[in-house]
Amino acid sequence: MEKIAEQKIIEDLLPQKFGKQGVIWVISLLAMCALGAYAYFRQLYYGLEVTNLRDYVSWGIYISNFVFFVAISLVGSLITAVLRLSDVHWSTPLTRIAEIIAVSAIAFAGLIIIVDMGRPDRFYNLFTHGRLQSPIVWDVIVITTYLLISLLLLYFPLLPDLKIMIRYKDRNGKYLQKLYEFLGSFWKDKPEQFKITDKAINILSITIIPVAFAIHTVTSWLFATTYRPGWDSTNFGAYFISGAFLVGSGAVLIAMYVFRTHYKLEKYITNDHFDKMGKIVVLLALIYLYFNVNEFLVPAFKMKKSEEHHLMGLFTGEFAIAFWFAISTAMLIPILILIFKKGRTPKAAFVAGILVVVGSWFKRYLIVTPTLLHPFLPMSDVPENYKHYFPSWEEWAIAGGSLAGALLVITFFARIFPIIPIHETITETNEHEKV
Amino acid sequence: MKTNENSRRDFLATTLIAGAALAGCGTKSPFTPEEVAEIIPSGEMVKLLSVDGEIIEVDKAFLKPVPEMPSITNEEARIGIQGKKFAMVIDLSRCKNLKKCQSACNHMHHVHPGQNWIKLNAMQEADKTAPYWQPTTCMHCDEPPCVKVCPVDATFKRKDGIVLIDSDRCVGCRFCMAACPYSTRVFNWEEPKLEKEIADQPYNCETSVPQKKGTVGKCDFCPDMVRQGNLPHCVSACPNGVFFFGDILEDSVTNGAETFRFSDLIKDKAGYRLMEDLGTKPSVYYLPPVNRNFPFEKEASEGKA
């Protein structure tokens, strides 16, 4: 990193007001959220009838969106915890990006589960009548824990930055100043305070790894604990976790590019960062590909009768286009782009990141839906529309609204707080100079 | 010595239960025609709602007071009928796909139009094997996958073997529907279309009526009928006697007209259960579709339905 004066770093990294693009972005996200909210109001009023979910396909894009959110949130633990504990320093400017993606995604994962419930008004039953034997209750427990740890991992490194921001009273305006003071006025940059937070962050970094594994393993068990072809797999936990790290890292690539170009952060999110993150994505895509080979090739070799309809539907049948699209956009093409040095330049890596995230969203859809269309017994004595599934506009609006909501949380966070840790950047620059 | 004592106690218990069952069947059997001739019309007419939903007028003298049914609390409904272990036997060789079981079930439980708790599957294991009709109810498994996954204990297994749903507790997550390998569960996607009198009834796990929006429903083995000593609606509705219902501890099943020793029936006709390899241990047994009473006519029966 170049030598940059402390004052310059602060000025570069302080949160900036929305420009014209920013305002348009926020308004369009708000519009999507409003449409989603209207669709959800309709769903509350008329019941899940407004969805195209029916008795056979009883889980659809709400659940696949939930799996997607849980998956993408795992990146927080990868960048903040795994890289931190392995003493990797180049990732410091990316930690807050990863952590806010994690917090916002896991919060919306929780919301989308409530959206999927037939009786959201009875949500409290999970606490008054909760059965510890049910994987859903495990999921509720680990997701809440993960959200809490992620919030703390977001908050503790923010404290020294809050102190810096409180200094810029005129720039902040009345409300933000109050918020910063509320969150961080007790922070005095004392060595003891640093000692405590460093220790806390270390402990949290260690605890978040098993919790992160738990959230996605348990999410995979919502499927793997059933008998259904396509879900009944001992491979599912590892398959889900490897896919989760991949999609989260893809999302980080996108966010890196957007923040870098929009806030002119080229000096902080450097080409080197894209190079290194690109390599990580290649590794993760290869691992995920490995688990996909296990997940599909082994049952396809045997072609048990119950699996046959499901597998053939994916390989050559009604889901073939979506299946091969997801496999190639989530894994094959990003690997081909990012494996070359030229592909790890910011723009190319950004494209690869988008491919990973879009492909992964479809991948989650393909994990949930096709299985439900291939029950053990024939689909009999049901109306014709029970035998197919394509989401209704309400489902698209709600799923789209939840994605927009997650992006909105990230956007507002970057408006209010420095998206690249100021204090840590200064410290690391100083250390760099000493060497 | 101890084994002797046990077997003696078992014997006594079995005899007592059998005796009670016989006494129960004595006068109130639904299959003996009513002695209508003895009743003298009073001339006073009463308006009633028939089973077909039509308003009919009947002479008051023909009306018999229905014995008051003890109201079952939720706790009692969750425990079940003591000393019983219910099972069903479905004789596939007798099924003609008339769907009388289905319509009776739908009618009595006010199942949402288009949905069915009993489904009739046209089965054919392989190209060259014989096709047959297979009615499926809830299997009331002894290792129920649905009960295992329920996060709120809304679906539960009773001591008498019946798996029920508490629609006042169900949160509508539909995990049970994903878990059930027999695809037996249906969901109330919208507000159930019920007449006001039905909709206003207090919900009871044993009647499964009225169904509630946003919750799961399924075949309940009609525990309300069974508690009164009657057969489930599908059993009494089937004109071909396909369905047999009974108590495994009593070792007897009946379709109303015929009664068999359960173990003999299963042994003699090589009864089996669906998807035995999954380890769900269903309470519904099937008799193989051998020497069928009716030819398999898919087109004809589908046209009729």
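1. Helix α15 of chain A covers residues 320-338, and its 19 residues should span 27 Å at 1.5 Å a residue; the end C-alpha atoms are 26 Å apart, which agrees. The structure under discussion is a predicted model. Despite this agreement in length, α15(A) bends by about 45 degrees at Ser328(A).

2. Which residues of α15(A) are buried? They are Phe323(A), Ala326(A), Ile327(A), Thr329(A), Ala330(A), Met331(A), Pro334(A), Ile335(A), Ile337(A) and Leu338(A). The partners against which these buried residues pack are α13 (271-302), α14 (305-315) and α16 (346-372), which belong to chain A.

3. A kink of about 30 degrees is placed at Ile208(A), shortly before the proline Pro210(A). Ile208(A) is itself one of the buried residues of α11(A), which also include Leu204(A), Val211(A), Ala212(A), Ile215(A) and His216(A). Further along, the buried residues include Val218(A), Thr219(A), Ser220(A), Leu222(A), Phe223(A) and Ala224(A).

4. Against which elements do the buried residues of α11(A) pack? Within chain A these are α3 (61-73), α4 (75-85), α7 (135-155) and α12 (236-262); together with them stands α5 (175-179) of chain B.

5. Leu372(A) is located in helix α16 of chain A. With 24 other C-beta atoms within 10 Å, Leu372(A) is buried, since 20 or more such atoms are required for that class. Leaving aside residues up to four places away in sequence, Leu372(A) touches Tyr56(A), Val57(A), Ser58(A) and Trp59(A). The C-alpha atom of Leu372(A) is also separated by 7.8 Å from that of Arg228(A), although the two residues are 144 apart along the chain.

6. Chain B has 10 helices and 13 strands. Of its 305 residues, 40% count as buried. Among contacts between residues at least 6 apart in the sequence of chain B, 60% join residues at least 24 apart.

7. Five strands of chain B form an open sheet in the order β12-β11-β10-β3-β13, with mixed pairing.

8. Most residues other than glycine have a negative phi, and most peptide bonds are trans. The bond joining Val209(B) and Pro210(B) is a cis peptide bond, with omega about -5 degrees. Pro210(B) is found in the loop between α6 (196-200) and β9 (216-217) of chain B.

9. Two residues other than glycine have a positive phi: near 50 degrees for Met303(A) and about 60 degrees for Phe221(B). Are they buried or exposed? Met303(A), in the loop between α13 and α14 of chain A, is exposed, with 10 other C-beta atoms within 10 Å. Phe221(B), in the loop between β9 and α7 (223-227) of chain B, counts as buried, with 26 C-beta neighbours inside 10 Å.

10. As to confidence, the model scores ipTM 0.92 and pTM 0.88. The mean pLDDT of chain B is 86, and 83% of its residues reach 70 or more. In residues 1-29 of chain B, however, pLDDT stays under 50, and the model has seven contacts beyond four places in sequence for this stretch. The pLDDT is likewise below 50 over residues 300-305 of chain B, a stretch with two contacts in the model beyond near neighbours in sequence.

How values were computed:
Residues are numbered from 1 along each chain as its sequence is written. Chains are lettered from A and ligands numbered from 1 in the order in which they are written. This is a predicted model: local features need pLDDT of at least 70, side-chain atom pairs count only at pLDDT 80 or more; totals for chains, interfaces and linings use all residues. Helices (H or I, at least four residues) and strands (E, at least two) are DSSP runs, numbered from the N terminus. The expected span of a helix is 1.5 Å times one less than its number of residues. The bend at a residue is the angle between axes fitted to the seven residues ending there and the seven starting there. A residue is buried if 20 or more other C-beta atoms lie within 10 Å of its own, exposed if 12 or fewer, and partly exposed in between; C-beta atoms are placed from the backbone. Two strands pair if DSSP finds at least two bridges between them. pLDDT is the predictor's confidence in each residue, from 0 to 100.
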